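Here's a walk through a two-chain model, starting from the inside and working out to where the parts meet. Have a look at it first.

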Amino acid sequence: MKRYNVVTSISYPKIGAMGKTGRWRVFKPVLDKTKCVNCLRCWIFCPEGSIKRNKDDTVSIDYEYCKGCGICANECKVKAITMEREESK
Amino acid sequence: MTIMIDTGNYIAAKAAVMAKPDVVAAYPITPQTTLVEGIANYQESGEFKGEYICVESEHSVMSACIGASATGVRTFTGTSSHGLLLMHEMLHWAALARLPIVMCNINRVIGPGWNIWADENDSISQRDTGWIQFYCSSNQEIFDTIIQSFKLAENKKILLPVMINYNAFILSHTSMPVEIPTQQEVDNFLPKRKPHWELDIDNPITFGNIIGPTHYEKVRRAMQDAHECAKELIPKIAKEWKERFGRYHGDLIESYRCNDAEYIVLAMGAIGAESKVAIDELREENINVGLARIRTFRPFPKEEIIKLGKQADLIVIDRNISAGSGGVLFNEVKSSLYNEMDTDTKVSGFIAGLGGKDVTYKDIELMCQKVIEGKAKTHEWYGFNREEV
């Protein structure tokens with residue numbers, strides 16, 4: 001990757017550039033695989049790339065970086081994702 | 001070289017197009033309109049080959065320029081008055097992102113009351129954005145400064161946006177003969193921009209990301225250092241221009257008959273040009289007065305002003321006012337001298353020409369005479385009459 005020596009703020013893309021953002025979460029998306037129809041709406045709408053698309057088009061959630069915004073649960077047409085309060089750590 | 005007789009705005013359009021920007025984004029506002037119309041005409045005729053982005057506001061103008069400049073291409077725009085004020089947020093952005101955007105601002109009154117004439121409060125109120133600011137006093141200087149500004153802005157030690165200011169109508173809509181070099185001569189002086197960093201889909205980066213206090217402090221310090229470097233580079237570029245084209249408008253300041261002067265007038269823009277006539281008239285009466293026309297308000301020519309202050313009493317004319325304080329140039333001149341003087345230099349200030357009120361050489365002579373005769377207050381409004389309707 002090309003690196004620049006600059007006097008302003010730039011950043012290079014890498015996984016977790018902003019730290020473990022999963023710690024910000026108050027509500028956690030929980031996927032019920034028995035209801036999921038693999039439509040991939042959650043994967044399309046997740047603003048953080050935290051829905052992982054597997055080779056067979058099933059999905060899983062990356063809790064290291066999911067901030068718990070709830071967009072996936074809101075977009076899911078078959079209500080396969082529910083938001084559950086995180087237990088206090 | 002050819003001679004072109006045209007208005008400040010059309011001359012600015014010619015200069016901008018000869019600098020070969022890849023992107024121009026603009027929104028029209030009086031008295032800038034003919035500048036951006038001029039560039040559109042050059043696009044229609046095929047002389048301007050870049051992208052012309054028409055947007056819905058000046059905030060979007062500067063945002064488009066930032067985006068374009070960040071991809072590494074040369075970018076130009078122009079605005080005036082309220083348009084400049086609407087850009088304010090993005091002016092800071094452009095400077096902190098260190099993008100070498102060049103912009104003309106035609107100094108016009110801020111309303112209300114609504115008025116389209118010359119007044120420098122618009123650009124003076126953008127003083128702290130980090131932009132380099134030039135103030136021009138002739139159409140030739142507008143042409144030369146635009147081409148020079150790209151070279152200055154894109155230098156890797158500078159990487160700052162540049163604002164070229166000139167007074168509404170007095171220059172923007174007044175025709176003067178201007179020497180225009182050939183395209184080849186301009187290309188030789190100003191090669192294609194080599195970006196210091198760029199947005200590139202093959203090497204993705206983000207810019208304007210979150211940084212902590214320590215890094216942020218470095219960004220601000222680097223900007224200050226770049227302004228200090230600009231103090232050295234502006235005279236070098238002016239010298240190179242003089243060698244190539246035989247024209248010279250001064251460095252950070254333009255000195256006129258200052259050598260033996262006991263009084264020196266400090267002014268900017270059109271009042272700076274008018275002052276030369278006043279200086280000549282006063283010299284006829286054996287009054288030793290000179291002119292230091294401030295060309296760059298940012299970086300501020302502190303060192304030059306200290307030299308002038310050690311030689312002569314200073315008479316500052318401001319076509320602006322910081323309400324609750326005073327003339328901004330007047331205040332900055334005084335602050336430059338503080339703790340630097342072993343002389344009893346007097347600094348007198350006049351507020352003149354607000355709202356486009358005409359300031360003639362006769363007015364400037366009267367200001368000088370008032371100071372010389374000891375009748376002027378330290379800071380006063382020239383010719384102001386509360387009773388006048």
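A nonpolar core here is a set of buried Ala, Val, Leu, Ile, Met, Phe, Trp, Tyr and Cys residues joined through C-beta atoms within 7 Å. Buried means that 20 or more other C-beta atoms lie within 10 Å of a residue's own, with 12 or fewer making it exposed, anything in between partly exposed, and C-beta atoms placed from the backbone. This is a predicted model, so local features need pLDDT of at least 70 and side-chain atom pairs count only at pLDDT 80 or more, while totals for chains, interfaces and linings use all residues. Residues are numbered from 1 along each chain as its sequence is written, with chains lettered from A and ligands numbered from 1 in the order in which they are written.

**The cores**

The largest nonpolar core has 117 residues, and B:V265 and B:L266 have the most contacts inside it. Helix α1 (residues 8-18) of chain B supplies the largest share, 8 residues. At least three residues come from each of domain 1 (2-245) and domain 2 (253-381) of chain B; such bounds come from an automatic or database domain assignment. Leaving aside residues up to four places away in sequence, B:V265 touches B:S275, B:I279, B:V289, B:L291, B:I315, B:I317, B:I364 and B:C368. Two residues count as touching, or in contact, if their C-beta atoms, placed from the backbone, lie within 7 Å. There's also a second, separate core of 8 residues, and A:C42, A:C46, A:C76 and A:A80 are among them.

**The two chains**

Helices (H or I, at least four residues) and strands (E, at least two) are DSSP runs, numbered from the N terminus. Radius of gyration is taken over C-alpha atoms, and the globule rule is 2.2 Å times the number of residues to the power 0.38.

| Item | Chain A | Chain B |
|---|---|---|
| Helices and strands | 2 helices, 5 strands | 13 helices, 16 strands |
| C-alpha box along the principal axes | roughly 50 × 35 × 20 Å | roughly 70 × 50 × 45 Å |
| Buried residues | 15% of 89 residues | 50% of 389 residues |

Chain B's radius of gyration is 21 Å, close to the 21 Å from the globule rule for 389 residues, so it is as compact as a globular protein of that length. From the N terminus on, chain A's elements go β-β-α-β-β-α-β. Take contacts between residues at least 6 apart in sequence: in chain B, 80% of them join residues at least 24 apart, and in chain A the figure is 64%.

**Where parts meet**

Inside chain B, the C-alpha centres of domain 1 and domain 2 lie 27 Å apart. Their contact takes 29 residues from domain 1 and 19 residues from domain 2. On the domain 1 side, α9(B) gives the most, with 5 residues.

And what about the two chains? In all, 11 residues of chain A are in contact with 15 residues of chain B. The chain A side divides into 7 nonpolar, 3 polar and 1 charged (Ala, Val, Leu, Ile, Met, Phe, Trp, Tyr, Cys and Pro count as nonpolar, Asp, Glu, Lys and Arg as charged, and the others, Gly among them, as polar). Strand β1 (residues 10-11) of chain A runs antiparallel to strand β9 (residues 206-207) of chain B, and 2 bridges join them; strands pair if DSSP finds at least two bridges between them. A:I10 has B:F207 as its bridge partner in β9(B).
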